[in-house]
Amino acid sequence: MTEASAAHELVDRLFREESGRAVATLIRVLGDFDLAEEAVQDAFARALEVWPVQGVPRNPGAWITTTARNAAIDRIRRAKRLVAKTEQLGRDVALDSTSGGRWGEEMTQTDGIDDRLRLIFTCCHPALAPEAQVALTLRTLGGLTTPEIARAFLVPEVTLAQRLVRAKRKIRDAGIPYRVPPVEVLPERLDAVLRVLYLIFNEGYSATAGDALVRRELSGEAIRLARIVADLMPGEPEAIGLLALMLLHDARREGRTGPGGELVLLEDQDRSRWDRAAIGEGQQLLDRALRLGRAGPYQVQAAIAALHDSAERPEATDWREIAALYARLAAISPSPVVELNRAVAVAMAEGFDVGLRRLDALAGDEQLAGYPYYHSARADLLRRLGRSAEAITAYRVALALTTNEVERGFLGRRIAELGGARPN
Amino acid sequence: MRYLVLIYDEETANPSPAPPDPEQWAKTMGEYNEYTALLRLRGAYEAGEALQPVTTATTIRIRDGLAMTTDGPFAETKEALGGFYLIEARDLDEALELGAACPGAKYGSIEVRPIQELPSA
């Protein structure tokens, strides 16, 4: 590899890792999201010019932040000249009052709080629409481009760009603060942050067809951001629990699809393809979270994932313990979907007919009626009980509710298998 | 920053409001007096008023130089503006905290809007 292409690769990698940090610091100092983002982009463009010639600096991250700061000053000066040229008399640019004299020591942390933590709480402020929280977090902290985010969430680029503009305008005009919330509102605000990260992870993890690479990147980004929050808030068990949950699920990613990209169910997966290092780290994190003595939904879900991950063969899965954990989850965070998962775990632990009775008891739930996994879970239990005709009917309902091609393929195969079987 | 705390409720929107129950009325007034006192204590109070029900409203529009005056509000809504406070707050978090403390939050809904500060002429 040539010196130049090595520098190129380093810049690409650094951008993902360091742009969020630089943007976060510049927003604090400048009080301006757009200016901060543009200045950081300037700095990375400059790195691409300078590093291949002069070599990579000793501390590339600090170089980026300093260069971005200088780029911001240049932009402010240019903006001022423009104002002078257009002869806007009297008033100086508003930028001057927010940026003048606040450089220098303010670039470094003064209160020991990482700027990225401030930024993530601002991006996930409940006064912003949920989809704007997600987009803003990925854009500012993740350094994803607007087209990348639009592609990942299957929304038109224009829509996403407008969403970002509106959110940034609201942060500025409505006075959304740039800080880690005070202790009296911290629990609910941290919940919002974790919810956004979990949503990003799920969007990347769900087997939805489309750009697999973008999806993998989304999950990776969610893990990276969850790691930052967990590292910066080591006393928050749910933050650690969420990171553990993500790692314990992501560890199975390679096993979830077959050679043709088809969906492979948990029990049919080649467990040698699971990422043991990720599982080990997830379990360690979960232990650390649980030791803090405040279990919450993420920790319980991580514990369930850890039980699946630690079973060497599907038959070795501790379904009784999993069913008990779902009961616990249902108690602290009740939802029809939790009841659905609980019924499946009970079916595996106590018998398919017991689980099926639980599922049938949920039949009246409106949310589940339109939820394909309810019908496919029912179909699966009917299939295992040998009630093929009913299973086919339930699989057909699930198929009608599913848009994802990978999952449709799976359901179609199941129906075909059952249709081929002779009635007994 | 300054924010307008807008208080919306169903009773204000009611086309035939029932005469207020004196006991309930006194209780509500007491709550609002306490709230106003809280805002003053925090140095947040700038102004605040209650409005007469929406049945007393008149809407005016001028189109092509002609004034059109109609009875009531333009659109029928479930909740209508029943009163407001103008407050001073450090940021949106403080404004939302003060907004949530408004008695109307328990009956109707509170909208918190930043004031657009225009340069004085």
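This is a predicted model: local features need pLDDT of at least 70, side-chain atom pairs count only at pLDDT 80 or more; totals for chains, interfaces and linings use all residues.
Residues are numbered from 1 along each chain as its sequence is written, with chains lettered from A and ligands numbered from 1 in the order in which they are written.

Chain A has 424 residues, and 38% of them are buried. Here a residue is buried if 20 or more other C-beta atoms lie within 10 Å of its own, exposed if 12 or fewer, and partly exposed in between, with C-beta atoms placed from the backbone. Two residues are taken to be in contact if their C-beta atoms, again placed from the backbone, lie within 7 Å. Of the chain A contacts between residues at least 6 apart in sequence, 61% join residues at least 24 apart.

If neighbours within four places in sequence are left aside, A226(A) touches L197(A), L242(A), L243(A) and M246(A). In soluble globular proteins, nonpolar side chains tend to be buried together.

Helix 18 of chain A covers residues 372-384, and its end C-alpha atoms sit 18 Å apart, in agreement with the 18 Å that 13 residues should span at 1.5 Å a residue. That expected span is 1.5 Å times one less than the number of residues. Ten of the 13 residues are buried, so helix 18 of chain A is largely enclosed by the rest of the structure. Among the buried ones are Y374(A), H375(A), R378(A), D380(A) and R383(A). Just past the end of helix 18 of chain A, G386(A) takes a positive phi of about 80 degrees.

Chain B is put together from four helices and six strands, and reading from the N terminus its elements go β-α-α-β-β-β-β-α-α-β. Its C-alpha trace spans about 50 × 45 × 20 Å along the principal axes. Buried residues make up 21% of the 121 in chain B. Contacts joining residues at least 24 apart account for 76% of those between chain B residues at least 6 apart in sequence.

Four strands of chain B form an open antiparallel sheet in the order 2-5-1-6; two strands count as paired if DSSP finds at least two bridges between them. Strand 2 (45-50) and strand 6 (109-114) of chain B stand at the edges with a single partner strand each, so one side of each has no neighbour in the sheet. On average, neighbouring strands of this sheet are turned by 20 degrees against each other, direction ignored. Inside the sheet, eight bridges link strand 1 (residues 2-9) to strand 5 (residues 80-88) of chain B, and L6(B) has F84(B) as its bridge partner. Helix 2 (residues 22-41) of chain B lies across strand 2 and strand 5, running at about 165 degrees to strand 2 of chain B. For such angles, axes are lines fitted to C-alpha atoms, for helices over the stretch in contact, and angles run from 0 to 180 degrees between N-to-C directions.

Strand 3 (residues 58-63) of chain B runs antiparallel to strand 4 of chain B, with six bridges between them, and T59(B) stands opposite T70(B). In the loop between strand 3 and strand 4 of chain B sits D64(B), whose phi near 50 degrees is positive although the residue is not glycine. Most residues other than glycine have a negative phi. D64(B) counts as exposed because 4 C-beta neighbours lie inside 10 Å.

Where the chains meet, five residues of chain B are in contact with six residues of chain A. The chain B side has three nonpolar, no polar and two charged residues, with Ala, Val, Leu, Ile, Met, Phe, Trp, Tyr, Cys and Pro counted as nonpolar, Asp, Glu, Lys and Arg as charged, and the others, Gly among them, as polar. M1(B), in the segment before strand 1 of chain B, is in contact with G175(A), A89(B), D91(B) and P114(B), neighbours within four places in sequence left aside. With 16 C-beta neighbours inside 10 Å, M1(B) counts as partly exposed.

How values were computed
Helices (H or I, at least four residues) and strands (E, at least two) are DSSP runs, numbered from the N terminus.
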